[in-house]
Each structure stands twice: as C-alpha cells, then as structure tokens.
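Reader: I've got a fold open on my screen and I'd like to learn how to read its strands. Can you walk me through it?

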Amino acid sequence: MECSLKEHIITLSFAGDESMMEMGSGNYGCSHYRRRCKIRAPCCDEIFDCRHCHNDSKNSLDVDPLKRHDIPRHDIEKVICSLCNTEQDVQQKCIQCGICMGKYFCSKCNFFDDDVSKNQYHCDRCGICRTGGEENFFHCDTCVYFQYNKKYHSLALRSHNASGMCLADGTILPVASTAMPEIYQNKMVWILCNDCAETSEVNFHIVAHKCPSCKSYNTRQTRGGTSSCSNITEMVR
C-alpha cells in the first residue's frame, strides 16, 4: 500500500537534515519564487504563494481602486508548509514535518527562496534582502554602488538625492529637472525594481524610473511602453 505524502516526509525526516533540505526543492512555489511555503497576508487574512502574488491580485483592474493595497511584508506572521499544509509562525523549518521551507531564509524580511544561486543576503542599512552577494556592494554616504568584476557599475542603485541619479564618477543625472513633453507628463508605466523586486506604477520618464518602495533607480520598465519613445530623447534635450 502506497504511503501518504505526510508519512513519506516523516520517514525521510530520520534521514537527516540534508535530505529534508532537498525534499521538494524546486517543485513548489510560483512564478516569482521557488519555495516550499505560502504566506498568510496580515492585511486581508488570505493565503498567497508570495507577496508579489498578493500584490498582483490585490492591485488588479478587477479590484475596487479604494481596496487596492500592497502587503506589509515585515508584518507577515504566519506561513503554511506546502508539503504538509501546516500553518505556523514564520520560521525556516516546518514544525510538523521538519521540511526546509526555503534554503535562503530571512527572518527580518519574512522571505523564503529555494534558488540560492542569486546569492541573497540581508542588508541592514537598506533594510531589505538583496541579490548578487554582499561582497558586490558597498555604501557611501549618499548612494549604493554595484560592483562588477572589481569595477563599479555605471549606475548607482539608490538615488543620490531627491532630484537626481548618481553615476560612479560622481555625475548627477537630473531626473527631476528634465521636464517631459506635455503629452507624456501624465503617462504611467509599470516598473520592476532590480533591488527590492517591487512592482510599481510610476510616471514615465526618459532618463530613469525611481522605485517608490526603496528609492532605487535600478529598475526596468515592464508595461506601458509607447511607440513614440524613440523620439523622446531629442524632444527633451
């Protein structure tokens, strides 16, 4: 007679921590993360695969604009094991079956991820988990630079001040003072922040898009492009 998944997990728990670390790894999660747990949103008491899944759902066009919201990720208190379905306080190992719910785990951000190839680490100064390895970042007084192959990347990952983006040579790109043509001043686009992974809707700008969550300019546009973008560069000079 075939044993249940729960019985199979309990049997494997005696094989050691290494077996439990790999059990189910890569087989659970969502399009955002591979992980072996879900989260209960403290804001609406619903269960989601991750905070991005929550934000996508609660900010969709089908939701009343007055009810749209993002999850307060630092307030997450409960997670649900994807293998045995046990709800519990935030922690790396399931209290019921002992499975590792995420090879990378941050108790400050309530963050789980089985894909450790991203070299995640928690930055206390930024207050978020970053990818790329701690050795590849350094802080100055006003901005955070990304280091690649022992050379500084051309763009700072955080704003130098409220009006500009700092380059590695100290040059400030005047984002705020570069006015957009009137036809683009109310244009909105969706961006993904490469630092904090937040998805946000912001005003379109030809120079750069600033993440409203972590204030980083290390973002990329995902939706809301315009066929006239190729002509804008000349228009704003």
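Author: Let's go through a few strands and the way they pair. Keep in mind that this is a predicted model.

Reader: Fine. Which way do the side chains point along strand β14?

Author: They alternate along residues 188-193. V189, I191 and C193 point to one face and are buried.

Reader: How many bridges join β14 to strand β15?

Author: Look for the bridges and the sense of the pairing. Here five bridges join β14 to β15 (residues 199-203), and the two run antiparallel. Take V189 as a landmark: V202 in β15 stands opposite. The two strands form a hairpin with five residues between them, and A197 in that turn has a positive phi of about 65 degrees.

Reader: Which residue in β16 is the bridge partner of C193?

Author: That's T219. Strand β16 covers residues 219-223 and pairs with β14 over four bridges, again in the antiparallel sense.

Reader: Now the sheet with β1 in it. What is the strand order?

Author: Read across it: β2-β1-β3-β4, an open sheet of four strands with antiparallel pairing. β2 (47-48) and β4 (87-89) each have a single partner strand, so one side of each is left without a neighbour in the sheet.

Reader: And what stands opposite I39?

Author: V79 in β3 does.

Methods:
Residues numbered from 1 in each chain as written. Predicted model: local features only at pLDDT ≥ 70, side-chain atom pairs only at ≥ 80, totals over all residues. Heavy atoms only, no water. Buried < 20%, exposed > 50% of the residue type's maximum accessible area, 1.4 Å probe, protein only. Pairing = 2+ DSSP bridges.
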